[in-house]
Amino acid sequence: MIVVLEGPDGAGKSTLAEYFKAKDWQIVHNDKPQPGEDLFARFNEQLIEAVGSNKSTVFDRFYLSEPIYSEVMERECRLSQEDYNLFNTLITLHKVKVIILLPPFDVCKKAWSARLEAEYV
(Lines give C-alpha, C1' and ligand atoms only; values in the text may rest on other atoms or scores of the structure.)
Protein backbone atom coordinates (compact mmCIF):
# COMPACT_ATOMS: atom_id res chain seq x y z
CA MET A 1 0.00 0.00 0.00
CA ILE A 2 1.14 3.54 -0.72
CA VAL A 3 -0.08 6.60 1.20
CA VAL A 4 0.69 10.27 0.52
CA LEU A 5 0.46 12.79 3.36
CA GLU A 6 -0.09 16.39 2.32
CA GLY A 7 -0.85 19.59 4.17
CA PRO A 8 0.75 22.82 5.32
CA ASP A 9 3.91 22.98 7.40
CA GLY A 10 3.09 22.12 11.00
CA ALA A 11 -0.02 20.10 10.11
CA GLY A 12 1.34 16.85 11.56
CA LYS A 13 2.48 15.02 8.42
CA SER A 14 5.83 13.95 9.85
CA THR A 15 4.22 12.98 13.16
CA LEU A 16 1.71 10.78 11.33
CA ALA A 17 4.51 9.37 9.14
CA GLU A 18 6.32 8.28 12.32
CA TYR A 19 3.18 6.37 13.32
CA PHE A 20 3.36 4.49 10.00
CA LYS A 21 7.10 3.89 10.52
CA ALA A 22 6.34 2.28 13.87
CA LYS A 23 4.09 -0.13 11.95
CA ASP A 24 7.10 -1.05 9.73
CA TRP A 25 6.25 1.20 6.80
CA GLN A 26 8.94 2.81 4.67
CA ILE A 27 8.90 6.64 4.88
CA VAL A 28 9.84 8.91 1.98
CA HIS A 29 10.25 12.49 3.19
CA ASN A 30 10.23 15.13 0.47
CA ASP A 31 11.91 18.25 1.73
CA LYS A 32 12.81 21.50 0.02
CA PRO A 33 14.04 20.84 -3.53
CA GLN A 34 17.59 21.76 -4.47
CA PRO A 35 18.12 24.60 -6.97
CA GLY A 36 17.71 23.24 -10.48
CA GLU A 37 16.61 19.81 -9.25
CA ASP A 38 14.48 17.80 -11.69
CA LEU A 39 11.40 17.18 -9.55
CA PHE A 40 9.72 15.01 -12.16
CA ALA A 41 12.70 12.64 -12.03
CA ARG A 42 12.75 12.69 -8.21
CA PHE A 43 9.04 11.93 -7.79
CA ASN A 44 8.98 9.40 -10.64
CA GLU A 45 11.92 7.47 -9.16
CA GLN A 46 10.32 7.50 -5.72
CA LEU A 47 6.99 6.24 -7.06
CA ILE A 48 8.64 3.47 -9.11
CA GLU A 49 10.56 2.34 -6.04
CA ALA A 50 7.44 2.39 -3.84
CA VAL A 51 5.35 0.47 -6.37
CA GLY A 52 8.09 -2.16 -6.77
CA SER A 53 8.74 -2.50 -3.04
CA ASN A 54 7.38 -5.26 -0.85
CA LYS A 55 6.98 -2.71 1.97
CA SER A 56 4.11 -0.32 2.44
CA THR A 57 5.28 3.23 1.81
CA VAL A 58 4.17 6.60 3.14
CA PHE A 59 5.20 9.83 1.42
CA ASP A 60 5.62 12.83 3.71
CA ARG A 61 4.77 15.27 0.91
CA PHE A 62 4.77 14.40 -2.76
CA TYR A 63 4.20 16.07 -6.11
CA LEU A 64 0.91 17.63 -5.00
CA SER A 65 2.76 20.31 -3.00
CA GLU A 66 4.91 21.62 -5.83
CA PRO A 67 2.38 23.98 -7.48
CA ILE A 68 1.49 25.44 -4.08
CA TYR A 69 5.03 25.90 -2.79
CA SER A 70 6.27 27.33 -6.09
CA GLU A 71 3.73 30.14 -5.62
CA VAL A 72 4.64 30.64 -1.95
CA MET A 73 8.37 30.65 -2.71
CA GLU A 74 7.83 32.91 -5.74
CA ARG A 75 9.56 30.60 -8.18
CA GLU A 76 8.56 28.78 -11.32
CA CYS A 77 6.75 25.49 -10.82
CA ARG A 78 9.11 22.62 -11.70
CA LEU A 79 6.33 20.31 -12.83
CA SER A 80 4.42 20.89 -16.04
CA GLN A 81 0.70 20.35 -16.28
CA GLU A 82 1.47 17.16 -18.23
CA ASP A 83 3.73 15.94 -15.38
CA TYR A 84 1.02 16.69 -12.86
CA ASN A 85 -1.61 14.90 -14.96
CA LEU A 86 0.67 11.86 -15.36
CA PHE A 87 1.25 11.58 -11.61
CA ASN A 88 -2.50 11.94 -11.00
CA THR A 89 -3.08 9.03 -13.40
CA LEU A 90 -0.31 6.92 -11.84
CA ILE A 91 -1.48 7.36 -8.26
CA THR A 92 -4.99 6.42 -9.35
CA LEU A 93 -3.72 3.38 -11.25
CA HIS A 94 -1.68 2.20 -8.26
CA LYS A 95 -4.51 2.94 -5.79
CA VAL A 96 -2.41 5.41 -3.79
CA LYS A 97 -4.28 6.86 -0.84
CA VAL A 98 -3.91 10.61 -0.28
CA ILE A 99 -4.45 12.04 3.20
CA ILE A 100 -4.67 15.82 3.42
CA LEU A 101 -4.06 17.16 6.92
CA LEU A 102 -5.74 20.52 7.50
CA PRO A 103 -5.73 21.43 11.19
CA PRO A 104 -6.73 24.92 12.34
CA PHE A 105 -4.25 27.66 11.44
CA ASP A 106 -3.24 28.27 15.06
CA VAL A 107 -2.16 24.61 15.38
CA CYS A 108 0.05 24.91 12.29
CA LYS A 109 1.43 28.26 13.41
CA LYS A 110 2.36 26.92 16.85
CA ALA A 111 4.12 23.86 15.39
CA TRP A 112 5.78 25.94 12.68
CA SER A 113 7.02 28.55 15.15
CA ALA A 114 8.53 25.86 17.39
CA ARG A 115 10.79 24.67 14.59
CA LEU A 116 11.18 27.76 12.45
CA GLU A 117 14.70 26.95 11.21
CA ALA A 118 13.71 23.55 9.80
CA GLU A 119 10.59 24.64 7.95
CA TYR A 120 10.34 24.96 4.18
CA VAL A 121 8.63 28.37 4.18
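Predicted model: local features only at pLDDT ≥ 70, side-chain atom pairs only at ≥ 80, totals over all residues.
Residues are numbered from 1 along each chain as its sequence is written. Local features need pLDDT of at least 70, side-chain atom pairs count only at pLDDT 80 or more, totals for chains, interfaces and linings use all residues, and side-chain values use heavy atoms, with hydrogens and water left out.

**View 1. The aromatic pair of F20 and W25.** Rings of Phe, Tyr and Trp (its six-membered ring) pair if their centres lie within 6.5 Å; planes under 30 degrees apart count as stacked, over 60 as edge-to-face and the rest as tilted. By this rule there are ten aromatic pairs. F20 and W25 form a tilted one, with 4.6 Å centre to centre and 55° between the planes. Both F20 and W25 are buried (under 20% relative accessible area; exposed is over 50%, partly exposed in between; 1.4 Å probe, protein chains only).

**View 2. The aromatic pair of F43 and F87.** The arrangement is edge-to-face, at 6.4 Å centre to centre and 80° between the planes. Because F43 lies in helix α2 (residues 39-52) and F87 in helix α4 (residues 81-93), the pair ties together parts that are 44 residues apart in sequence. Helices are DSSP runs (H or I, at least four residues), numbered from the N terminus. F43 is buried at 4% relative accessibility, and F87 is buried at 0%.

**View 3. The aromatic cluster.** F43 and F87 belong to one cluster with F40, F59, F62, Y63 and Y84.

**View 4. The surroundings of R42.** R42 lies in helix α2 and is buried at 16% relative accessibility. Leaving aside neighbours within four places in sequence, R42 is in contact (heavy atoms within 4.5 Å) with N30, D31, K32, P33 and E37.

Terms used: Helix = DSSP H or I, 4+ residues; strand = E, 2+ residues; numbered from the N terminus.
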